[in-house]
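Please work through the exercises below with the sequence and the model side by side. Each task is followed by a solution that goes step by step.

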Amino acid sequence: MTWIVFDYGGVLSLPQPRSDADAMARAMGAEPEEFRRGYWEHRLEFDRASLSPHAYWSAVLGRPAAQNEVARLVAMDVASWAYPNRGTITLLGELLEAGRDVALLSNAPVCVGDGLDELPWVAAIGHRFYSGRMGLVKPDREIYEELARGLGADPAEIVFIDDRPENVEGAERAGMTGVRFTDATALRAALPRVPRA
């Protein structure tokens, strides 16, 4: 058996548009560049569930966030990651239709994972792992080991696809086959070499 495990952002979805991040900043009356800096500075701890949504968005804004502001920012944040990468989604659909074993592993806070689960191309994947639900983040080795346990698979049976080199290297250190995502065409060319179930 070979599991094909996709990252989400930058692989199944397009990267977050800068215009969407700037719209979040404007909605909060924040300076866009400072907002983007805070967004990424604290993101990994939010992904790891070390920060609650209120604590994260307060840190991003540099002031206490109101409850209605947090709700609005969460909704806008999910929407900013909901632009499908059409080529990869097509390939995903073909793999699922062919009966291949497919899973998702993404660095995403619980609230974002909950939102992504509502997207049809994500809901089609039966095994979905989000860092916020696991309390672990890529590229730490533990998250890949937990993924393998969750799938009931040996790491050698897992092909992990991610656009970030450090996450691919983390998977390889855990004994998986890593594939660096650049575009759907290159990924399609790489996957036929993967042993089929």
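The model is predicted, so to speak of local features a pLDDT of at least 70 is needed, side-chain atom pairs count only at pLDDT 80 or more, and totals for chains, interfaces and linings use all residues. Residues are numbered from 1 along each chain as its sequence is written, and side-chain values use heavy atoms, with hydrogens and water left out.

**Exercise 1.** Find how many salt bridges the model holds, and examine the pair R36 and D22.

*Solution.* Begin with the rule, by which a salt bridge is a side-chain nitrogen of Lys or Arg within 4 Å of a carboxyl oxygen of Asp or Glu; the count then comes to 16 salt bridges. Next, take R36 and D22, whose side chains form a salt bridge with N and O 2.4 Å apart. R36 belongs to helix α2 (residues 32-41) and D22 to helix α1 (residues 18-27), so the pair ties together parts that are 14 residues apart in sequence. Helices (H or I, at least four residues) and strands (E, at least two) are DSSP runs, numbered from the N terminus. Finally, consider accessibility, where buried means under 20% relative accessible area, exposed over 50%, and partly exposed in between (1.4 Å probe, protein chains only): R36 is buried at 17%, and D22 is buried at 14%.

**Exercise 2.** Determine which parts of the chain are tied together by R188 and E94.

*Solution.* First, the side chains of R188 and E94 meet in a salt bridge of 2.7 Å, N to O. Helix α12 (residues 184-190) holds R188 and helix α6 (residues 86-97) holds E94, so this pair ties together parts that are 94 residues apart in sequence. As for accessibility, R188 is partly exposed at 36%, and E94 is partly exposed at 39%.

**Exercise 3.** Locate D117 and R128, and name the network to which they belong.

*Solution.* The closest N and O atoms of the salt bridge between D117 and R128 are 2.6 Å apart. The pair links distant parts of the chain, with D117 in the loop between α7 (110-116) and α8 (120-123) and R128 in strand β3 (residues 127-130), eleven residues apart. Salt bridges that share partners join D114, D117, R128 and R133 into one network. Within it, D117 is buried, with a relative accessible area of 15%, whereas R128 is partly exposed at 28%.

**Exercise 4.** Describe how helix α4 is placed against α5, and which residues meet there.

*Solution.* Start from the axes, which are lines fitted to C-alpha atoms, for helices over the stretch in contact, with angles running from 0 to 180 degrees between N-to-C directions. The axes of α4 (residues 53-61) and α5 come within 10 Å and cross at roughly 85°. In contact (heavy atoms within 4.5 Å), P53, H54, W57 and L61 of α4 meet V70, L73, V74 and D77 of α5.
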